[in-house]
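Here is a short note for a reader new to this model. Please look through the structure first, then take the points in order.

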Amino acid sequence: TLIRRHRVPKPPPNDDEFYTIEDFNVGKEISLYSKVFKITNCDEFTRNFLRKLGVKVNVPDENPADPYTKYRKSMDESMQALRPYEKHDTLKQFLDHDRQVLRFFCYWDDTDSMFGDPREMILHYFLADDTIEIREVISPNSGRDAAPMFLKRGKLPKNIETLRQPGEVTDRTVLNVFGPTGHGGRYILDSLKTGAVRTDFYKDSDLTLGSVLNVWGRKYVICDLDDFTKEYYRTKFGIEDFNSVSYKKGGYGGVERQWPPYNGWGSEEDSLCSCMGLLPKPPKRDFIKFMEKDRRGLDSNVLRFLARMDTSKPIDQDRRFIISYFLSDDTILVFEPPVRNSGIIGGKFLERSRVKKPEQPLYSTQMSEYYLSSDLYVGSRVIFNSHVFLLIDADEYAFRYMEECPQEFPKANIESIINRLRGSVGKNKDEVKSFFMRNDPGGSGVLGYDQFVSLLKQVDSSLTDQEIMTLARFYSERPSEDAIDSRKLFAIIQEQLRKRNYEGFSKLVEDCQQHDQGKQGFLDPETVRTVLHAHHVPLPDDLLRAGIAMTPANERGEVQYAALINQMNWRDAPVPPMQYQPIVDDSQWQGTNQSNKISVSRICYNVLLEDFFGKSS
């Protein structure tokens with residue numbers, strides 16, 4: 001860059017002016033900082049632009065020839081050979097197709113020769129230089145050595161020819177003129193190559209599905225291609241039919257490998273590993289599943305169900321059990337909570353382990369089936385070591401986990417349940433609507449849980465308790481979990497101010513009255529917050545915002561600042577301190593109490609009817 005981009009001034013005496021577009025035209029000379037440049041030509045855009053401005057563009061001039069450049073060019077021409085050799089330019093093909101290899105799966109039937117058998121081959125065609133290599137696919141126990149290469153990389157001729165004499169195959173041919181050698185004879189290059197020996201080699205156009213290749217006397221049949229080769233032929237040659245040629249014969253009727261039956265020692269997986277080798281190895285655990293489903297913070301990954309024994313014995317009918325399913329390793333733990341004066345010692349009923357499903361042979365050659373997480377749901381009937389349990393309830397974590405993973409738990413899939421009920425209702429839409437109207441005469445749109453269960457049983461009696469509970473939880477009228485108790489909030493605020501011994505409440509009221517020009521007793525929440533910050537009230541900002549939000553306000557959203565400061569005054573209007581409430585530990589969970597089922601006690605059936613019959617109904 002000789003001159004950078006900027007406004008260039010004109011030479012003196014007009015150095016107070018700058019060059020503009022009117023100063024430029026073809027054939028003009030301009031002086032830029034004492035350097036004179038002559039404009040000889042311009043591009044098409046500049047020519048059109050000047051023409052639109054009304055400027056007549058002059059005829060382009062030729063650049064003057066450089067004597068030194070002309071001298072160098074003549075020197076280069078004098079050094080060129082009078083009879084140049086023919087050039088074979090393969091660089092472009094190499095740059096375009098380097099590392100691009102077509103792969104073909106071939107078959108060579110060598111059964112006609114003695115001790116011959118079918119051979120599978122892989123043919124590689126290198127697009128960079130049109131060379132071919134062949135590798136053999138050696139199956140295990142075939143009796144053949146694993147040779148690295150069946151055919152070395154090179155160009156493959158189509159026909160087998162006799163061995164040529166030295167000098168017969170050359171890149172260039174010459175013609176003998178003016179007599180024999182030694183008697184004034186001369187040789188000139190033959191541009192037509194009349195005496196050249198031509199050899200046809202296989203190209204990419206010759207390699208198609210089903211074609212037979214002559215590989216030095218061996219007949220190879222191309223049977224299949226890989227994905228890259230198919231895309232190459234589809235793009236270049238427009239071939240769309242890539243039906244592979246079947247060349248493998250049917251199996252020899254091999255006997256399926258049978259494992260010995262389980263002998264009862266250790267686990268089935270451990271006994272099976274001892275049969276797989278001379279050096280027994282321990283069975284591998286699903287480590288990825290263990291890391292994903294292991295306990296992580298408050299996420300326990302343990303599904304707990306409340307169960308009772310399905311028996312006719314009166315003493316066992318009132319017993320309750322906690323069945324815990326661990327998602328990390330599919331193990332089950334059964335615990336019986338102790339009950340006073342029941343005559344039964346509670347505690348661990350079943351050690352944590354994997355539980356087999358019933359009616360399976362004890363000593364079998366096949367792996368046994370174990371209970372999985374999808375087999376446990378409310379209403380299911382399971383058999384653990386000849387003890388029949390009926391699952392009657394689950395904790396909140398189990399319900400939430402099953403609802404978040406509907407693919408693993410079909411009984412908790414809300415979409416499948418709704419589709420199933422929609423098919424069961426069919427043409428009885430009026431009866432369902434009349435049932436809701438009879439049980440909700442006030443038209444509140446809310447139905448009790450027991451009435452909702454009886455309706456679903458009438459619609460589809462095959463619904464399980466888990467499906468009914470999932471539907472009720474989805475359409476339940478739940479209270480807001482984010483509601484803040486104002487009494488507890490201001491108890492916390494007063495406790496914070498009491499610890500810091502803050503007593504400047506009268507000054508807060510005076511400052512707020514100064515900002516209240518209308519003397520209405522109300523101020524904007526941001527103004528109140530600014531006043532509190534100005535007096536350095538020792539409260540966190542989030543706690544301060546929550547207290548302002550809980551203070552009574554008028555229609556315009558202004559806060560009654562006197563009431564706020566009075567509720568904060570721990571000296572004149574103390575609030576009883578909060579009692580200590582220990583954190584509820586659900587490790588001793590013994591089933592959901594019916595009095596605590598507030599979240600599923602009332603169901604909004606209007607939303608349910610919209611999902612069933614549409615909003616128009």
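Which residues make a nonpolar surface patch of about 410 Å²?

1. **The patch.** Leu 2, Ile 3, Tyr 33 and Phe 37 make it. Patches are built from residues with over 30% relative accessible area and no salt bridge; like charges are joined within 9 Å, nonpolar side chains (Val, Leu, Ile, Met, Phe, Trp, Tyr) within 5 Å. Accessible areas come from the Shrake-Rupley method with a 1.4 Å probe, and for residues only the protein chains shown count as cover. Leu 2 sits in the segment before strand S1 (29-32). Leu 2 is exposed, at 75% relative accessible area. Here buried means under 20%, exposed over 50%, and partly exposed in between (1.4 Å probe, protein chains only).

2. **Ground rules.** This is a predicted model: local features need pLDDT of at least 70, side-chain atom pairs count only at pLDDT 80 or more, and totals for chains, interfaces and linings use all residues. Residues are numbered from 1 along each chain as its sequence is written, and side-chain values use heavy atoms, with hydrogens and water left out. Helices (H or I, at least four residues) and strands (E, at least two) are DSSP runs, numbered from the N terminus.

3. **Gln 93.** This residue is in helix H3 (residues 91-97). Gln 93 is partly exposed, with 26% relative accessible area. Leaving aside residues up to four places away in sequence, Gln 93 touches Leu 127, Ala 128, Asp 129 and Asp 130. Touching is a contact, with heavy atoms within 4.5 Å. The side chain of Gln 93 reaches the backbone oxygen of Leu 127 at 3.1 Å. A polar contact of 3.2 Å also joins the side chains of Gln 93 and Asp 130. Such a contact is a pair of N or O atoms within 3.5 Å; within protein, one must be able to donate a hydrogen and the other to accept it, and residues adjacent in sequence count only if both atoms are side-chain atoms. Along the chain, Gln 93 and Asp 130 are 37 residues apart, yet their C-alpha atoms are separated by 9.5 Å.

4. **Helix H12.** Is this helix mostly covered or mostly open? H12 (residues 465-474) is mostly covered, with eight of its 10 residues buried. Among them are Ile 468, Met 469, Leu 471 and Arg 473. The buried residues pack against strand S16 (387-394), helix H8 (396-404), helix H9 (414-425), helix H11 (449-459) and strand S20 (602-604).

5. **A bridge from H8 to H12.** Glu 403 forms a salt bridge with Arg 473, with the closest N and O atoms 2.7 Å apart. Glu 403 lies in H8 and Arg 473 in H12, so the pair ties together parts 70 residues apart in sequence. A salt bridge is a side-chain nitrogen of Lys or Arg within 4 Å of a carboxyl oxygen of Asp or Glu. Arg 473 is buried at 8% relative accessibility, while Glu 403 is partly exposed at 26%.

6. **Other bridges.** The count of salt bridges is 38. One joins the side chains of Glu 495 and Arg 498 at 2.8 Å, N to O. These two are three residues apart in helix H13 (residues 486-500), so about one helical turn separates them. Glu 495 is partly exposed at 30%, and Arg 498 is partly exposed at 32%. Another salt bridge joins Arg 556 and Glu 558 at 3.3 Å, N to O. Arg 556 is exposed, at 65% relative accessibility.
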